[in-house]
Amino acid sequence: MLRNGLEPWHLLVVVILFLLLFGSKKLPDAARGLGKSMRILKSEAKAMKEDGAAQSTAAPAEGASTAESTPQVIESAPGEPATARLTAEGTPAH
């Protein structure tokens, strides 16, 4: 039934439908927004990996958790305004 599910002419039909639905002026803006989102996702995933590695190697002080002792600052991704990111306490990152 779906042996040849995705052939080249299927892709052509999809592209034509996108052009008809969104227009040629909105597609670059949509692609730009998708690219920014992907950059943010990549930087957040990298920051989470670095935080996890740092927390696993560093032993927390007795009676204090790492979240209380050191504030976490989320840095903005390249091309993103710095005011869009907040620290863990809810204040703008600088």
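A kink of about 95° is present in α1, centred on Gly 23; the bend at a residue is the angle between axes fitted to the seven residues ending there and the seven starting there. The model is a predicted one, in which local features require pLDDT of at least 70 and side-chain atom pairs count only at pLDDT 80 or more, while totals for chains, interfaces and linings use all residues. Residues are numbered from 1 along each chain as its sequence is written, and side-chain values use heavy atoms, with hydrogens and water left out.

Between its end C-alpha atoms α1 covers only 50 Å, whereas a straight helix of 50 residues would span 74 Å at 1.5 Å a residue; the expected span is 1.5 Å times one less than the number of residues. The protein has 2 helices and 0 strands, both kinds being DSSP runs numbered from the N terminus (helices H or I, at least four residues; strands E, at least two).

An α-helix has 3.6 residues a turn, so residues three or four places apart point the same way. The structure holds 1 salt bridge. Asp 29 is partly exposed, at 45% relative accessible area, and Arg 32 is likewise partly exposed, at 49%; buried means under 20%, exposed over 50%, and partly exposed in between (1.4 Å probe, protein chains only).

Leu 21 belongs to helix α1, residues 8-57, and counts as exposed because its relative accessibility is 68%. Leu 21 is one of the residues of a nonpolar surface patch of about 1,000 Å², others including Trp 9, Ile 16, Phe 18 and Phe 22. Such patches are made of residues with over 30% relative accessible area and no salt bridge, nonpolar side chains (Val, Leu, Ile, Met, Phe, Trp, Tyr) being joined within 5 Å and like charges within 9 Å.

Of the 94 residues of the protein, 5% count as buried.

Notes:
Areas by Shrake-Rupley, 256 points an atom, 1.4 Å probe, with all protein chains shown as cover. Salt bridge = Lys/Arg side-chain N within 4 Å of Asp/Glu carboxyl O.
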